[in-house]
Amino acid sequence: MLIFEEHFQDNRCSWVTRDSAECSLCMDVSHYIFDHKRAGETYWLSWNSAEFFYERTNFHIHIVLEKAAGVEDHGFGFVWGLSDVSNFFEFVISGNGHYRIAEVKEGSFINYTDWKRCDRIHRTDAVNLLEIARVGDMVEFYINSTLIDKFPADKVMDVPGKNFGFIIHDKIKMRVHSLIITSPDTEKDSVDAPHDAGNSKLETKASFVEHDPPEKDTLDAVFADLKALVGHEQTKRHLFSLANYLKVQAERRQRGLKIVDTSLHLMLYGPPGTGKTTIARLVGRLYKQLGFFPRGHVVETDRAGIIGGYIGQTALRVESAVQQAIGGVLFIDEAHALAAEDTPNDFGKEALQILIKRMEDYRDRMAVVVAGYTDEMDRLLALNPGLKSRLNRLFYLDHYSPNELLAIFKKFCHDNGYILDPSAIIVLQATFEMAYAKRDKSFGNGRFARALFERSIEQQANRIVTHLRELDDYQINLILAEDLSFM
């Protein structure tokens, strides 16, 4: 149940606006700007009325805010239970990575948590998500989707007043992007449904697929799988060259010799269906076997997995993907979609800004592999010099030739226990040559070969299903030219 929602598109909720030598409060595009201009041991408050959630057994408060400027060692954040400027509760963070939970009684601060360091806070001028969730008799406090403290509800919800809002200590400028308060539809819902903090924060978590390296993997196995890839001879040579370079650097590091500060980020670009995901997984395995990352896993996502619906949400989703990829590879497929030409105000720009910063911050803890189509990726790099400067290695994956497409089809057969009759090979060769000659930007390459394989075994099943018991294993596995009649 949505109790209160504010994205600051306008001032329909009547937040205070003013401009003076000491404090400025105003509405801008999609956020509320709160600028405390006076330095010293002072604080400014801005509040609104909310008499509709304090008595509930369960509720969830979600605040996205951004420190835009000002001092690093004083707090800014959320207040509740406010009756006047001397009586309220606060949950504040600082630009230098600390937080405080406190009650103010008659102007005196009673600290529940007294300026505790938290590595989940995005430091300096950055976007952060604060959450307060009441679950029965306890109230939980989260920073960027991580539980950092909890206290009995009878302490922090025994409030003197019912107002809520924002606070700034000392000279700081803050932007508030959103404030959302929700609660279960009924008290019965809240009792029957088990509490899952992760589920309540899905809107700030990236959507991805995680792929781990094989058990008992070895460097020789990685090289063997790389050699076994169909086509892309130039890319394979470049990857072997990169592997040799990294192997020497790893040996130098082990011997205590000087090593070159090396960026492990790279870009894969070319037509669709050319094996970019497969290569990204091989890169993760390679980095692990050379000792650069402990896991070598690959976190696979795309635009839909990291773009949010409002400012602040996207930054948190990118951060979620980055944190998941620590110790391995973050693979962003079709990364060119993050810079859509027809939507200049799209949140993809926000995602790229956060990604570029994390590529530098965590360059020794993870690798970012971006992938996409040729022209679109060229345009992405042209629009984002920061991204281009962090991608030292660009690997182009060209269309598969007809012979390579046939080899891919044969591999699908081998991996799944099927046998190609010579008559089927003739049909496939002609099909791939025609498709290659007519190819355009959307030609599917390996995906095209896979689709033909799946259709062929479906056709083969229709041919043999009525007399299965009469067939031996060879006949059940055999794909004939007639099984390709749909082409």
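Predicted model: local features only at pLDDT ≥ 70, side-chain atom pairs only at ≥ 80, totals over all residues.

Residues are numbered from 1 along each chain as its sequence is written, and side-chain values use heavy atoms, with hydrogens and water left out.

**Exercise 1.** Find which residues line the largest cavity, and sort them by class.

*Solution.* 
- Step 1: on a 1 Å grid over the protein atoms alone, a cavity is a set of points where a 1.4 Å probe fits but cannot get out, and lining residues have an atom within 4 Å of a point.
- Step 2: the structure holds 1 cavity of 30 Å³ or more, and the volume of the largest cavity is about 60 Å³; a volume is the space filled by probe spheres set on the points, which are joined across faces, edges and corners.
- Step 3: the lining consists of Val 222, Phe 223, Leu 226, Leu 239, Ile 279, Leu 282, Val 283 and Leu 286.
- Step 4: sorted by class, this gives 8 nonpolar, no polar and no charged residues. Ala, Val, Leu, Ile, Met, Phe, Trp, Tyr, Cys and Pro count as nonpolar, Asp, Glu, Lys and Arg as charged, and the others, Gly among them, as polar.
- Step 5: α5 (276-289) supplies the largest share, 4 residues.

**Exercise 2.** Work out which element gives the most to the lining of the largest pocket.

*Solution.* 
- Step 1: a pocket is an open set of points with protein on both sides within 12 Å along at least five of seven lines.
- Step 2: the largest pocket has a volume of about 910 Å³ and is lined by 34 residues, with Leu 229, Gly 275, Thr 277, Thr 278 and Tyr 400 nearest its centre.
- Step 3: α5 gives the most to this lining, with 7 residues.

**Exercise 3.** Is Ser 183 buried or exposed, and what does its side chain reach?

*Solution.* 
- Step 1: Ser 183 counts as buried because its relative accessibility is 5%; buried means under 20% relative accessible area (1.4 Å probe, protein chains only).
- Step 2: the Ser 183 side chain reaches the backbone oxygen of Asn 58 at 2.7 Å.

Methods: Helix = DSSP H or I, 4+ residues; strand = E, 2+ residues; numbered from the N terminus. Buried < 20%, exposed > 50% of the residue type's maximum accessible area, 1.4 Å probe, protein only. Polar contact = N/O pair within 3.5 Å; in protein donor to acceptor, adjacent residues only side chain to side chain.
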